Amino acid sequence: MTELVQSVVNQIDSLKEKQGLQLPQGYSVSNALQSAWLELTDTTNGMPLVKKCSTQSIAKALFNMAIQGLSSAKNQCYFIPYGKELVLQRSYFGTISVINRLSNVKKIKAQVVFEGDEFEIGSDDDFNTVVKKFIPKFENRDKAIVGAFAFIEKEDGSRDYTIMTKKEIDTSWNQAKAKNSGARRNFSQEMAKRTVINRAAKFYINSSNDNDLFVQAINDTTEKEYDDSRKDVTPENKNTIDSMISSKKESNEVKPEEGQEPKKDLEKVAPENNHDEEIEIKDTSIDEDMEELTQDSENSAANEPNQSNNSEEMSEDDSNSSEGQQEDLFSNINDLPTK
């Protein structure tokens with residue numbers, strides 16, 4: 001087992017012991033991580049993901065997978081590179097599995113509505129939208145999708161419905177990084193269910209009493225699929241997945257001995273209005289320069305246009321790989337257990 005994988009195992013074990021993180025019964029962190037590592041080092045489709053992506057993003061993706069109790073070997077999640085950033089995405093099965101683990105959720109279910117199906121909505125006594133009638137017909141399954149809905153049943157037996165038209169689903173897909181994903185073309189029914197389930201679960205995820213890092217991992221995995229940026233308002237003194245992943249890196253940094261000044265280098269700085277003005281010389285730390293250079297390099301690589309619009313979608317090779325992977329992903333959709 002590699003040092004990176006072992007460090008994730010150690011972090012998860014610590015969370016289970018100190019913060020009471022609950023994982024699914026029978027879930028083996030070591031086995032799940034080893035299976036994922038085999039995928040990341042696979043050279044079948046060319047350069048492996050461990051060489052394409054930064055160590056930091058790989059560690060975070062593995063950490064998020066383990067916290068959510070997911071397994072890539074069971075097609076509950078998959079790894080997609082966007083430039084040098086490795087992103088974990090849940091499958092339809094993975095999303096169902098994760099949401100069912102929330103303490104305030106008894107059951108979750110989603111259905112797709114096809115053109116010609118009998119579908120009627122209404123409201124309850126509190127004016128909450130509910131599905132009053134849904135009669136699907138076999139002959140309509142090859143027709144166009146007109147919408148999807150999901151319900152979450154709470155412990156008290158009450159249900160909350162979420163309904164989306166096809167236009168609303170398309171709008172959500174158009175905000176995703178992988179806008180032209182083959183999965184949405186080839187498995188549109190399950191991807192539509194997955195989208196409406198993600199929307200239905202938002203309130204329950206953020207209002208649950210479950211472990212904070214578990215909830216953060218769910219949200220982080222969902223949000224990584226979309227281009228819209230979100231401002232980080234997390235308090236600095238709060239443990240986060242990013243801080244836990246980076247803590248090991250910081251502990252290994254070489255610091256100058258006490259009383260010893262860090263090495264300096266000279267940097268030329270041009271004034272904003274540098275017409276016929278002298279150039280000022282200032283001292284900057286080499287370590288600071290390297291940190292900025294590394295950051296600029298990673299940002300530049302992530303935004304290069306010749307990588308098939310990495311900020312919006314997977315590369316052609318990665319997309320083809322994901323399509324093949326998701327064919328396995330949805331091959332057993334009828335076997336999905338229900339509570």
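## Pairing of E6 with E7

E6 and E7 pair in the antiparallel sense over 7 bridges, where strands are DSSP runs of E with at least two residues, numbered from the N terminus, and pairing requires that DSSP finds at least two bridges between two strands. Within this pair, Ile 152 has Asp 160 of E7 as its bridge partner, and in the hairpin, which has 5 residues between the strands, Gly 157 takes a positive phi near 95°.

This is a predicted model, in which local features need pLDDT of at least 70 and side-chain atom pairs count only at pLDDT 80 or more, while totals for chains, interfaces and linings use all residues. Residues are numbered from 1 along each chain as its sequence is written, and side-chain values use heavy atoms, with hydrogens and water left out.

## The sheet as a whole

The 3 strands form an open antiparallel sheet in the order E3-E6-E7. Strand E3 (107-114) and strand E7 (159-165) stand at the edges with a single partner strand each, so one side of each is left without a neighbour in the sheet.

E3 pairs with strand E6 (residues 145-153) in the antiparallel sense over 8 bridges; Val 112 stands opposite Ala 148 in E6, and Lys 109 has Phe 151 of E6 as its bridge partner. Of the 9 residues in E6, 8 are buried, that is, under 20% relative accessible area with a 1.4 Å probe and protein chains only.

## Nonpolar core

The largest nonpolar core holds 60 residues, and Ile 12, Leu 62, Met 65, Ile 67 and Phe 79 touch the most other members; such a core is a set of buried Ala, Val, Leu, Ile, Met, Phe, Trp, Tyr and Cys residues joined through side-chain atoms within 4.5 Å.

Methods
Buried means under 20% relative accessible area, exposed over 50%, partly exposed in between (1.4 Å probe, protein chains only). Helices (H or I, at least four residues) and strands (E, at least two) are DSSP runs, numbered from the N terminus.
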